[in-house]
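Subject: Structure for your files

Hello,

Here is the structure I said I would pass on. My notes follow below it.

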Amino acid sequence: MTTSATSTPPLTKGQQDHYILEARGITKSFGGVRAVREVDFCVAPGEIVGLVGPNGSGKSTLLGCLSRDIPADRGTIEFNGEDIGGLRTMQVARRGMGRTFQNVRLFPELTVWENALLGRQWKGVGLGKLLRPPDAATRQRAGDLIDLMEIPHLTHLYAGNISGGQMRLVELVMAMMSSPTLVLLDEATSGVNPTLIESLKHYVKVLNDEENVAFIVVEHNIGFIFSIADRIVVLDDGQQLANGTPHEISENKEVIDAYLGA
Amino acid sequence: MHTLIQVIIDGVILGGFYALMAQGLSLIFGIMRVINLAHGEFLILGAYMAWVAQEYLGLDVLMTLPLLIALGFGFGWVVSRVVIMPVLERHELMPLLITFGLASVIAGLLTVTFTTTPKVTTAAYSDSVISLLDYRVSVSKAVMLVAALVLLTMLTLFLNRTKKGKAMKATAQNREAARIVGINVTRMYCSAFGLGTAVAFAAGGLFSVTQGFHPFMGGLFTLKAFVIVVLGGGGRVSGTLAAAMFVGIIEAGLSGYVSNIGTSLGTAAAFVLVVVVLALRPEGISRLGGVRA
Amino acid sequence: MSTVVQPAEAERRILAATARPRRKVVKYRSLIVLLLAGVGMGLVPYSGLNDSVLLTLSTMFMWIILSSSWNFISGFTGYVDFGHGVFFGLGGYVTGLLVVKAEMPFATTVPLAAVFAAVFALLIGFPLLRLRGVYFSIAMLGSFLAMRELVLMATPLTEGAQGLVLPPEVNRLFFYYLFLGGAVLIVAFAWWLRRSQFGMSLLAIKDDERGAEARGINTTLLKLTVFCLSAAITGAVGACWAYEITFIDPEIMFRDSFLINVALMTVLGGLGTVWGPVVGTVLFLMVRDTLWAEQGNSFLVVFGAFLIAIVLFMPEGIVGTVQRGERTVLGRLINRVRHRGAGAADADSLETATAVRSVQ
């Protein structure tokens, strides 16, 4: 087990010799508050990494830094071997990092179908292509994902009019649209009923198996995270407290004291 | 050299008035996150009220001032309760459209009632001029400057020292937390809007003695108030005051040095300033209002 | 991708297949209606109606173009442009000056006016569109007021308040068909835009700009493009209108009422919808011309109050309420009437049954 903040996390799946996401020394302060301190965070291809920690431990800030939603003060982030430190959020998204949001961010004036289509944005799409309706491949992809999530009956509803749980599924569809290599799930189970949580777990696993998509899962729902994660990183007070397999984490005394037992 | 000093004197006086005007806009935006596009029209409304009070009741502007503030507060309170609060939680363009409609209604009503002929409120000291060395300042303008500074000080003291003022700032910083500790958020917002309107009314009353005004001047005032708030950056009274002085001096300079078209140039300059400032420091605006962390 | 779909789900796929592709007629219903209306209106001049009716109609078409183009930046994208009249005025002055001072033919000046308006939009849009909507709105209002002053001041070029007199070559019919064609084209374009990736992205920006950015939408580029496009169209219309009325001065070309008119028409019809500006414009002009017949400045009061009332009670406008008004009382009522009898089968669709309908 590795509990030191600077150690390299073990490769758990597939034994590839590279990470798709390699963030080192991420630091971010808001005013005087240091939300994230010198955190290393790496993800191997096809790996499901759980990110847990008490409220205010810096999970959301770290996630924001990784997706370039929040500019980090210090640290380097490489995604698929490319330094994404200076890129805009939109550019990172186009390089194959999908994400969902803690507070669902769908576009209520568009239908579920249109929301799904918008998930696919390609690098360097010209105005000519923009002005055409989405191409057949995009529609096919959206249709398949909607089928997979078993929500075809929602297709033509406005996204502002569906239930919270359904919105989570649509967000997952959007995140998957551009065939990403990494998807960040931010509190995807909050406000979702238990049946739908089971389905969500199932879909994540299917996508992980079939397309070898890596996931970073930020959760309060410990049961959910322990049942799907290959590896769990525990954050506390902006620093990495522990890093290991679910089994290791559940036995870790520090973690139990700081978080799980509480 | 003589012109320069006279320009600075005029600019500072104009700046004092602008600071008061801008602080009203800044207060509303800082607390409610609403840009009141009718702010200039509110100001002109205050000017007309001062004029009416003088013409028909024979009240001097300085005596009308407390009345204007009370009326402005009540008017602003009701307006925000009736038309702003229902759309506050919706898309930000909704409050914009509402205040745009308000501006149109007020300008129209004023035109219908008072026609577009410019009016000036007279006062006992209207024709008096203070002369020092070679420099001249009309008494009405000096009164405007002093009254504006006094009102600004009172406003700052209210926001920083009184319980109600602190509650307002707390609401601006975190609506939910304010609600939890028992602050009536709706009432706070309405009060903030009322206070901002009261400031606009008072500024209008003071202004009405110094210069002719007509119903269609409002848009320009809104614009200038906005420029000043943006320029002032933090929205602290000191920042607003400095920005207002700056805009006032530029304007006085343009009309002092460029004949005939100076006032028009001032308008154009105000716009260029908006674009330049917004382009250079878009982040400065988020601290607008002086009540954000 | 099809590998993802599990084979045992044939049943669900059938359901999906019936749900997704819409019938062609429904899909192109809007275009068919538009074409029929266009042809119908094209025949009006042959029906022996007098000139004043033609003028009224051609003014209506012009406002449809203007409010539709305003709708692109303000309705679709959510950046409310309270200074859009600046492009109308600029377009008019470009044509006026080129025709009067450079004696260029009218047809050549219109594209130039459009380009000039677009370039101006690019210059001010670049710093302004990076900001949140409110700053954009107020800065545009500023640009409108400032430009009017500038045109008034630049006497050597624009003759200031004296105005410019253009050669009177008025042909009612020419402008009738010009504006009719423009209106049909712009509604068709709006319809096309709404279905394209571009249009959907614009609506996404309006709903949640940060969310759109996080999904890989190049928000800055799209906002700038649509702003320039909207400005160019308005500039071209301004150019045509200046030529039609044959006399321009700053007060005519930069009218205050332009701003409230265009906002009211679009909000009344429905921001961000294809048909909203059309419905809003027709209703607005009918109300104004029949009931209100230009009674001085009181129109500002009435229309200002009207705007407030619509925003308060029907924020989605007429078309928006009919299409997706589940969020307002009126809209729910409309939906209930529409879907009465259509039985909701299972519990899941029950909660959403009222909302089922095809897009556009």
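In chain C, of the contacts (heavy atoms within 4.5 Å) between residues at least 6 apart in sequence, 77% join residues at least 24 apart.

On conventions: this is a predicted model, in which local features need pLDDT of at least 70 and side-chain atom pairs count only at pLDDT 80 or more, while totals for chains, interfaces and linings use all residues. Residues are numbered from 1 along each chain as its sequence is written, chains are lettered from A and ligands numbered from 1 in the order in which they are written, and side-chain values use heavy atoms, with hydrogens and water left out.

Chain C has 19 helices and 2 strands (DSSP runs numbered from the N terminus: H or I of at least four residues for helices, E of at least two for strands). Of its 360 residues, 58% are buried (under 20% relative accessible area; exposed is over 50%, partly exposed in between; 1.4 Å probe, protein chains only).

Next, the interface of chain C with chain B. Here 41 residues of chain C are in contact with 42 of chain B. The buried area (accessible area, 1.4 Å probe, that two parts lose on being put together, summed over both) is about 3800 Å², with 82% from carbon and sulfur atoms. On the chain C side, C:Tyr135, C:Ile138 and C:Met153 lose the most area, together 17% of what that side buries. The count of salt bridges between these two chains is 0 (side-chain nitrogen of Lys or Arg within 4 Å of a carboxyl oxygen of Asp or Glu). The elements of chain C that give two or more residues to this side are α6 (106-128), α7 (133-153), α14 (256-269) and α16 (298-313). Of these, α7(C) gives the most, with 14 residues.

Over all chains, the whole structure holds 21 salt bridges. One of them joins A:Asp237 and A:Arg37 at 2.9 Å, N to O. That pair links the loop between β9 (231-236) and β10 (239-244) of chain A to strand β2 (residues 33-43), 200 residues apart. A:Asp237 is partly exposed, at 48% relative accessibility.

Another joins C:Glu159 and C:Lys101 at 2.8 Å, N to O. These two are 58 residues apart, C:Glu159 in the loop between α8 (155-158) and β1 (164-165), C:Lys101 in the loop between α5 (85-100) and α6. Both count as partly exposed, C:Glu159 at 27% and C:Lys101 at 41%.

Regards
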